[in-house]
Amino acid sequence: MYPSELIPSDPRFGSGPSLVPLQFIDALKDAGVHLIGTSHRKAPVKNVVKGIQEGLTKYFNIPSDYQIVVGNGGATFLFDMIGLGLVEKKSAHFTCGEFSNKWFKSHKKVPWIEAEEFSVDYGQGIDAKNVDDADLIAMTLNETSTGVQMTHLPEVDENTILAIDATSGAGQIECDISKTDLFFFSPQKVFASEGGFFVAICSPKAIKRALSLNEDKSRYIPEIMNWKLAIDNSAKNQTYNTPSISTMFFLNEQVKLMNEVGYQGALELANKKADLIYGWAQSKDYLSPYVAETKYQSKAVATIDVDDKVNVDEILKDLEKERIVYGIDGYRKLGRNQFRISLFHNITFEDLEKLTKLLSYIIEQKL
Ligand SMILES: Cc1ncc(COP(=O)(O)O)c(C=O)c1O
């Protein structure tokens, strides 16, 4: 029914969970009995964690006095862990969508700290700044719900932690980690693994804050959210409790793959794909980028509004039924007639080009 030359080689264009290359699954099978079913205190699993930590250090050129803390639970889990154990008195949150707002709300519930929100309407971007009475600044590198990127890193006070939720931007939206104190992400986006796991890259300032707040016994912090336990285990290439080995394995494979092109190479590829998608949206009168201001248009997740004369849900339903394209519906709570298309590293330029042509072909037949 659809022209065969317009069918992408892989149907997965979702903004997370994302495209896990099939060769990673084969590699996992090859590792087989020597990895799967092994304790995380033993060398085969510790070597995977070490591979992730060393590979990310190389990829991001992370300063040697930073520590890569890993654990179970993902970015949502970290929102609470940060609120409980990294904020002294007050956090300031720069929000522009569902995830940045969720982080703010999680801190708002912690009884012993204050949380302040600086927000803009959805679809708009915001630049974080230092807030005098806040000791942690929270910003989101890529707001996955709206497709807004925040790349401006504010200068913060000497005693303030600059914390970045980089979940869907880490790896392909430029960010100098040496200018941040906490750069964290879940690996089911650009890093092509599965959920339920976190990577938190911590500066000496963040480690110092975590260890000093750990001494404050008036705060009840569940052991599973204890920063000191996470830091100490990660220093030994372990997680505090039992992890999903396959998730860490896929992440390690992706870090290796991305190191083949290098950080600059991955950024260039992301820019090229972003030019393609936003250029397409601008060239068609039935499309428009949801994020109007160019500097905030995400290089990892593109949100494209579609003329109301065309029903996006109907188009996507059929493409899913035919198993041609998955996961490009707009963020459910936004409720817009919109495509949200992932530009993540493993989605090829060629497939994205086919996707744009395919969508144009379908829409133009309906108009
Ligand atoms: C920007 C951002 N932050 C946080 C999260 C939550 O991540 P997780 O589901 O791994 O907890 C997501 C998930 O999509 C996200 O996109």
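This section describes the overall build of the chain and then two of its local regions.

The model is predicted; local features need pLDDT of at least 70, side-chain atom pairs count only at pLDDT 80 or more, and totals for chains, interfaces and linings use all residues. Residues are numbered from 1 along each chain as its sequence is written.

The chain holds 9 helices and 12 strands. Helices (H or I, at least four residues) and strands (E, at least two) are DSSP runs, numbered from the N terminus. The radius of gyration is 21 Å, close to the 21 Å of the globule rule for 367 residues, so the chain is as compact as a globular protein of that length. The radius is taken over C-alpha atoms, and the rule is 2.2 Å times the number of residues to the power 0.38. Along the principal axes, the C-alpha atoms fill a box of roughly 65 × 50 × 30 Å.

Of the 367 residues, 48% are buried. A residue is buried if 20 or more other C-beta atoms, placed from the backbone, lie within 10 Å of its own.

Helix 1 (residues 22-31) is hardly covered: among its 10 residues, the buried count is 1. Glycine 32 follows helix 1, with a positive phi near 40°.

Strand 2 (residues 90-95) is mostly covered, with 5 of its 6 residues buried. Strand 2 pairs in the parallel sense with strand 3 (residues 114-119) over 6 bridges. Pairing requires at least two DSSP bridges between the strands. Lysine 90 stands opposite glutamate 114 in strand 3. Strand 2 also runs parallel to strand 4 (residues 136-140), joined by 3 bridges. There, isoleucine 137 is the bridge partner of alanine 92.

Terms used. Buried ≥ 20, exposed ≤ 12 C-beta atoms within 10 Å, placed from the backbone.
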